[in-house]
Amino acid sequence: MSATPDGKPTEALPWQGNVLASTDVKEYWYAVSTTAQLTADRPHPVRVLGEPLALFRDEKKVARAFADRCPHKNVKLSDGKMNKGTLECFYHGWTFDSTSGAVTKVPALPSDCQLPKQCVKTFPCIEKNDIIWVYPGNPANADPKKIHSRPIQTDYKKKGFWRNETVIDLPCDHSYFVENLMDIAHTPWAHDGCFNHRDDAVPLKPQFHMTPSGMHGFLEKVLNNGNPNSLEFEWTAPCTNEVIVRKTGHKDCIHLFFYSLPTAPGQMRHINITYMNILWFLQYIPRTLLPASQSDLAVIHGDTVAMMSQARNMKEGCPHITVATPSDEMAIKYRKWYSKAFGSSSDGEKGGPWWKGWDGKLDLEDLATSAMETCLPQFSRGVYERAAAGTNSSTDSEYIVEMWKVQQRRRKPLGFEKPSQWSSLSILLGIAVGAAAAVMVMKRNP
Ligand code: FES
Ligand SMILES: [Fe+2]
C-alpha cells in the first residue's frame, strides 16, 4: 500500500495526487464489473455516475463500453445480441463498429441509401486484474497507468494466494459503503456470528493519516479472539477501499479490495475482490453450496440494513454522525472531504457527485428511478427499502442471497430461440411414445 513518503498527514483538500486532483469525478477509472461477469455471448448492463452503459466483448474478446442507447430509436443496446463479436441491436438489428461506435449495418436500409452517420457513444474501457474499468470523463485524459492496481493483483498465484469475487447491486448511495469500510468498530456487532463475534470486541483507536490520494490507517489488534490480527486499510478517493488482515507472526494474509461504484443516486454496485492464502479449499466449492451465513453476502446484508436505515434518517434531517468516538474519526474525515468536494446535503445522496459534469437532462429523482432497471429494487423486491422505511420490520438475510442469485442469473437473449435439432427430435419421440401408449391402451380395452 502506498503512503506519504514522509508519513506526515496532509489536510490539503481536495487531494492533489494524480488520482483526484480535480473533484470532477468523471475523470477517474471506475471498476464496473469483472472478467467473469463479462462473457462473450451477451452484453452486460451497468451505470456509471448515472450514465447507462452496455459492456460487451468484441470479436477479439476485448472489453468494450458503449452508451446503452441505440442511435436509431434509443432501445437499450444491452438488450441486444452478440453476433460473432458484433453488438446487434435487439429492435431492428443495426450493428456498430466496436471501436468507433459507427453504424456498420442497417438491415432494412434500401441498397441505394447511405448508412446513417450517427455513432454510439463509446467510453474508454480496459480489462486489468480481472476487472473491467471504464473512464466516464474526457477520453483524452484516460491514461491506463492511473488505473488503481496493487502488485498482489497481478501476481497473487505466484505468491500462493487465491482470489474470490462478489458483485452485487445495492439500493444505497455508494458513500455509505465507502464510509462503512472505514468504520471498523461495527464489525463484531453488525456481523456478529458471521466473521466476527460481539464477545471479541475491543476498544479501537485507529492510527491513520491523509495520503495524496486518500487515507491510510492501521490497527494493531482488531479482535480479542486469541488471534493477534492486525488491520491495515487504505481509501483511495473517490470510492476504492482496501483492507489487509494479517496474523502477527504468520504469513497468513487476506487482502480485500472494495470498489463502491456510484451507479445512480441511492444506487451502487459493490465489487469485492479478495486475495487470500488461507482457506484454499473454499475456491473449489460452488458458491451456491456454501451456507450464506459463511459468505460475504451475510456481511453485506448486515451493512445494507445499517446503511439503509442511516439513509432514511438522513433524509429526515439527521447528520451522518451525531456523537463521535475515536473509531469514527476516519468516517468524519471522509464526510468532510465529501462535503467539501461535492457540497453537503442532509441525505448523503444528493450532495454527491451526481451533478459534477451532469448535463441536467434528467433530474435526480428521474435518474434514481430510471436506474432501477439495472440496479434494483426489483431484484431485491424492495425489501430493504421497505424495511428501512417501515417502523416494525427488519429484513432477513435470505433476501440478500436471493437478490444476489437473481442478479447473477444469466438472462436468455430476448425473443424466442429456434428449437435445436435435439429438442425437435425429443418432441417427435415424445409424440410417438405417447401415440404408441394410447394404441396399446385402446387395444387392451376395446
Ligand atoms: S432501435 Fe436499435 S436498431 Fe432500431
Ligand atoms: Fe460491515
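Two strands count as paired if DSSP finds at least two bridges between them. Helices (H or I, at least four residues) and strands (E, at least two) are themselves DSSP runs, numbered from the N terminus.

This is a predicted model, in which local features need pLDDT of at least 70 and side-chain atom pairs count only at pLDDT 80 or more, while totals for chains, interfaces and linings use all residues. Residues are numbered from 1 along each chain as its sequence is written, and chains are lettered from A and ligands numbered from 1 in the order in which they are written.

**The whole chain**

Show the protein chain as a cartoon: there are 10 helices and 18 strands. Of its 446 residues, 35% are buried. A residue is buried if 20 or more other C-beta atoms lie within 10 Å of its own, exposed if 12 or fewer, and partly exposed in between, with C-beta atoms placed from the backbone. Two residues are in contact if their C-beta atoms, placed from the backbone, lie within 7 Å. Among contacts between residues at least 6 apart in sequence, 60% join residues at least 24 apart.

**Stop 1**

Select residues 30-34, which are strand β1, and residues 131-134, which are strand β11. These two strands run antiparallel and are joined by four bridges. Ala 31 stands opposite Trp 133 in β11, and Thr 34 has Ile 131 as its bridge partner.

Lys 128 has Ile 131 of β11 as its bridge partner. The hairpin of β10 and β11 has two residues between the strands, and Asn 129 there takes a positive phi near 55°.

Together the three strands form an open antiparallel sheet in the order β1-β11-β10.

Is β1 mostly covered, or mostly uncovered? It is mostly covered: four of its five residues are buried.

**Stop 2**

Leaving aside neighbours within four places in sequence, Val 32 is in contact with Val 46, Val 48, Leu 55, Ile 132, Trp 133, Val 134 and Leu 261.

A nonpolar core is a set of buried Ala, Val, Leu, Ile, Met, Phe, Trp, Tyr and Cys residues joined through C-beta atoms within 7 Å. The largest one here has 70 residues, and those touching the most other members are Tyr 30, Val 32, Leu 53, Leu 55, Trp 133, Val 134 and Leu 261. At least three residues of this core come from each of domain 1 (30-128 + 135-141) and domain 2 (155-408). The domain bounds come from an automatic or database domain assignment.

**Stop 3: the four-stranded sheet**

Which strands make up the open sheet of four? Their order is β2-β3-β4-β9, with antiparallel pairing. The edge strands, β2 (44-48) and β9 (122-123), each pair on one side only. Select β4 (residues 63-67), which pairs with β9 over two bridges. Phe 66 has Thr 122 in β9 as its bridge partner.

**Stop 4: two helices**

Select α4 (residues 296-315): at 1.5 Å a residue its 20 residues should span 28 Å, and the end C-alpha atoms are 28 Å apart, which agrees. The expected span is 1.5 Å times one less than the number of residues. Buried residues of α4 include Leu 297, Ile 300, Thr 304 and Met 308. After the helix comes Gly 317, with a positive phi near 105°.

Next select α5 (residues 329-342), with 14 residues. Its buried residues, among them Met 330, Tyr 334, Trp 337 and Ala 341, pack against α2 (174-180), β13 (207-211), β14 (214-219) and β15 (229-236).

**Stop 5: points in the loops**

Find Pro 238 in the loop between β15 and β16 (240-247). A cis peptide bond joins Ala 237 to Pro 238, with omega about 5°.

Move to Asn 74, in the loop between β4 and β5 (81-83). Its phi is positive, near 60°, and Asn 74 is exposed, with 11 other C-beta atoms within 10 Å.

Finish at Phe 281, in the loop between β18 (267-276) and α4. With 8 C-beta neighbours inside 10 Å, Phe 281 counts as exposed. The C-alpha atom of Phe 281 is separated by 9.8 Å from that of Trp 162, 119 residues apart along the chain.
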